[in-house]
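Hi everyone, thanks for coming. I'd like to walk you through a structure I've been looking at, helix by helix. Let me put it up on the screen.

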Amino acid sequence: MSLLPLLTLLTVAVPVITRAAAPISVDISSQPVNVAAIVMFLVFVGATLGITWWAAKRTRTRSDYYTAGGNITGFQNGLAMAGDFMSAASFLGISALVYTSGYDGLIYSLGFLVGWPIILFLIAERLRNLGRYTFADVVSYRLQQKPIRTLSACGSLVVIALYLIAQMVGAGKLIQLLFGLNYHVAVVLVGILMVLYVLFGGMLATTWVQISKAVLLLFGASFMAIMVMQSVGFSFNTLFSEAIRVHPEGAAIMRPGGLVHDPISALSLGLGLMFGTAGLPHILMRFFTVNDAREARKSVFWATGLMGYFYILTFIIGFGAILLVSANPAFHYAAGQLIGGSNMAAIHLADAVGGSLFLGFISAVAFATILAVVAGLTLAGASAVSHDLYASVIRQGQASERDELRISKITVVVLGAVAIALGILFERQNIAFMVGLAFSVAASCNFPIILLSMYWSKLTTRGALLGGASGLLTAVGLMILGPTIWVQILGYQKAVYPYEYPALFSMLVAFAISWLFSVTDKSASGLAERQRFLAQFVRSQTGLGIEGGKGH
């Protein structure tokens with residue numbers, strides 16, 4: 001399978017890109033080994049292991065491990081959060097969308113940003129004031145601990161598992177293509193590095209790896225965009241007109257609407273992108289790394305600004321690739337196809353504007369994005385198991401800090417082994433649907449119960465549990481019955497569910513079931529849960545009652 005179709009799935013990926021992710025044969029042995037990329041790769045791995053060693057010496061308590069002691073500043077956290085989104089998927093995938101489809105690429109890149117104002121205005125401050133380590137702390141604040149934490153952990157683990165599969169396959173293919181290593185060896189290497197980062201460095205190491213990667217990627221993308229604009233005299237009019245001239249579709253690349261043809265799929269995709277972002281466990285966990293609600297708001301502000309700038313760069317890079325790569329035979333096979341597929345456009349552009357050394361730098365940064373996001377996902381999964389399931393559900397809050405950390409680190413090792421096994425198992429599968437399913441699960445299970453628990457006083461445990469579970473099952477069920485799995489993977493002629501994305505319907509199910517079973521809940525526990533809303537509201541606004549008045 002080619003490298004870049006998988007890289008489009010790596011983190012907070014664009015589900016629509018994945019239509020092009022069908023298996024493609026690549027002769028790795030025919031690709032020259034990129035010495036510069038190997039050097040850059042080794043330098044980065046050494047640097048990140050150094051960060052992990054530094055962080056390990058400062059990670060002593062449960063709070064240090066889960067949230068870096070709450071000592072990350074708003075700007076630092078904003079960079080780390082942006083690092084989750086400024087992924088190889090965004091850099092390579094959005095650039096590929098622009099390269100193949102023109103204007104539509106900008107539409108989908110901006111779709112990611114829409115979710116961040118929702119986080120800023122609706123979630124960030126309240127989440128920080130109510131939570132401690134995971135978003136399950138928030139949704140279970142006035143509801144029953146066991147069922148709600150179990151549901152939240154299950155939803156989180158499903159999202160994390162789907163992302164980890166895509167990450168591991170993409171990372172394995174990247175190392176395989178660049179260095180000529182066996183795919184299985186590459187996957188094992190990535191898994192070992194992932195476990196080392198999280199096992200010893202915790203959130204502090206994960207945060208600084210994310211920050212380092214974000215800075216490097218911003219620098220690399222900025223350099224590429226500047227060089228592209230220099231080639232056209234810093235004139236956007238020239239860039240677009242020349243791109244239209246050389247692109248096979250001509251002026252059609254400047255017209256929107258070519259990638260999603262029916263309004264239901266478009267609406268479902270938009271809802272998944274907007275609200276799925278606000279339900280991703282590894283993103284929500286980052287709000288607990290700052291000291292108070294003010295720093296949480298600053299985190300979102302910086303993250304949104306940095307990502308907005310980055311997505312503008314990817315738009316320029318995509319059009320630059322049309323101009324400088326599509327017409328250059330050095331980047332194509334004899335039959336005319338782009339080497340590595342259309343998603344290789346940004347990598348080839350790096351070679352075109354900066355030579356082999358810069359190509360090595362960009363390749364190493366692409367690998368850096370994978371390691372950073374995998375580390376964040378693994379830590380989020382480990383905290384869901386150790387803090388939500390073990391400490392809160394199984395031990396009912398009686399677990400010692402040492403025991404909880406021990407379970408968390410055992411979970412990290414287990415997740416690493418599972419990620420390696422799944423990466424090997426799914427090597428030759430079309431895993432395009434997994435990212436879309438991850439967004440749908442986050443939007444249909446996690447987001448509704450987070451929003452309702454913080455804003456709707458009548459929500460009860462029964463409503464939240466049945467609503468979240470219904471959203472989770474509906475999202476998974478519709479994805480299985482949809483065109484991607486039912487037709488392309490299972491081989492049936494016609495999909496039972498005709499649309500590609502289930503978020504529109506699965507979110508409606510989640511909210512409707514939550515409302516119905518909450519308003520009809522006349523139990524004594526339901527009444528008590530409604531009465532506790534006022535105290536929760538005051539705490540969510542002021543943080544009063546939390547240690548030091550600033551949160552847990």
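Predicted model: local features only at pLDDT ≥ 70, side-chain atom pairs only at ≥ 80, totals over all residues.

A quick definition to begin: the expected span of a helix is 1.5 Å times one less than its number of residues. Helices here are DSSP runs of H or I with at least four residues, strands are runs of E with at least two, and both are numbered from the N terminus.

Residues are numbered from 1 along each chain as its sequence is written, and side-chain values use heavy atoms, with hydrogens and water left out.

The overall picture: the chain has 21 helices and zero strands. Of its 552 residues, 60% are buried, meaning under 20% relative accessible area, with exposed being over 50% and partly exposed in between, for a 1.4 Å probe and protein chains only. Taking contacts (heavy atoms within 4.5 Å) between residues at least 6 apart in sequence, 82% join residues at least 24 apart.

Let's zoom in on helix 2, residues 35-56. Its 22 residues reach 31 Å from first C-alpha to last, close to the 32 Å expected. Which residues of helix 2 are buried? They are Ala-36, Ala-37, Phe-41, Phe-44, Val-45, Thr-48, Ile-51, Thr-52 and Ala-55. Seen down the axis, these buried residues fall within an arc of 160°, so they line one face of helix 2; the arc is taken from the directions from the helix axis to the C-beta atoms. On the other side, Val-35, Leu-42, Val-43 and Trp-53 are exposed.

Leaving out residues up to four places away in sequence, Thr-52 touches Leu-196, Tyr-197, Phe-200, Gly-201 and Ala-205.

On to helix pairs. Axes are lines fitted to C-alpha atoms, for helices over the stretch in contact, with angles from 0 to 180 degrees between N-to-C directions.

Helix 9 (residues 183-231) and helix 14 (residues 345-394) have axes that come within 6 Å and cross at roughly 150°. They are therefore roughly antiparallel, a label for angles over 145 degrees, with under 35 roughly parallel, 65 to 115 roughly perpendicular and the rest oblique.

For helix 17 (residues 461-481) and helix 19 (residues 503-519), the axes come within 7 Å and cross at roughly 160°. Helix 17 and helix 19 are therefore roughly antiparallel too.
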